[in-house]
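Thanks for coming, everyone. Let me put the model on the screen and walk you through it.

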Amino acid sequence: MQQKVMIPNKRGEKLVGVLHETGSEKLVVLCHGFRSSKEFDIMVNLAAALEKEGISAFRFDFSGNGESDGSFHYGNYESEAEDLRSVVDYFTGLNRTTVVLIGHCKGGDDVLLYSSMYHDIPAVVNVSGRYDPKGGIEERFGKNVWEILKKDGYIDVKSQTEGDYRVTEESMTERLNTNIREACLSIDESCRVLTVHGSTDTVNPVEDAKEIAKIVPNQCLYFTSS
């Protein structure tokens, strides 16, 4: 059974999600990636697969994405980790136990960051998260992105696949200051971390998964052929 759930975050914004309810006390929370939503195929299919196995799952939109309130921000890692905290707290208040966090792409970084800040989830799955947030910027926006941001304070992006959005100098700085390495080193050893990465990934390099695996205390690394 699926039901829509609305959860307030700490900024008073409404986070919209879908609960795949099986009646299980334990819960898996799914986090989408950059310029994505809870309706992304991976989120929907994974939630359905968990539901079929009798495991309740919750997929939701971070603020500024999908149906949730708020404005989109390019960096926003810590804010998304706090959104995730609001989700975990909400279900804790309903006597539900979040046992696994699963994040895809940027969502993978969000669950790692969350685990470094709050040590209350026994297992996280990072699917194709990026080790170095500085990577891929010039490939996405062009080599002159820094000049444009310094001159105009923002850059407007038009994309057929990701939609149109604005990257501000402030949001870019926030991304550059996000330290995934330090976050990984701060994850408690009791937290099991599974990193899954496509061996032919052309967006987030395979090397990023290997770097994460080197430093997370309780880590399993798995490569897929796609």
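Predicted model: local features only at pLDDT ≥ 70, side-chain atom pairs only at ≥ 80, totals over all residues.

Residues are numbered from 1 along each chain as its sequence is written, and side-chain values use heavy atoms, with hydrogens and water left out.

Overall fold. The chain has eight helices and 10 strands. Those are DSSP runs, numbered from the N terminus: helices are H or I with at least four residues, strands are E with at least two. The C-alpha trace spans about 55 × 35 × 30 Å along its principal axes. The radius of gyration is 17 Å, which agrees with the value near 17 Å for a compact globule of 226 residues. That radius is taken over C-alpha atoms, and the globule rule is 2.2 Å times the number of residues to the power 0.38. Buried residues make up 50% of the chain. Buried means under 20% relative accessible area, exposed over 50%, partly exposed in between, with a 1.4 Å probe and protein chains only.

Now helix H2. It covers residues 77-93. From first C-alpha to last it reaches 25 Å, close to the expected 24 Å. The expected span is 1.5 Å times one less than the number of residues. Its buried residues include Glu 80, Glu 82, Asp 83 and Arg 85. Just after H2, Asn 95 takes a positive phi of about 60°.

What about Arg 35 itself? Where does it sit? Arg 35 is in the loop between strand S3 (26-31) and helix H1 (41-52). Its phi is near 50°, positive in a residue other than glycine. Arg 35 is partly exposed, at 24% relative accessible area.

Last, cysteines. How many disulfides does the search find? Zero, across the whole structure. A disulfide here is a pair of cysteine sulfur atoms within 2.5 Å. For Cys 105, the nearest cysteine sulfur is that of Cys 31, 12 Å away. For Cys 191, it is that of Cys 184, 11 Å away. Cys 191 counts as buried, at 5% relative accessibility. Cys 105 lies in the loop between strand S5 (97-104) and helix H3 (106-117), with a positive phi near 60°.
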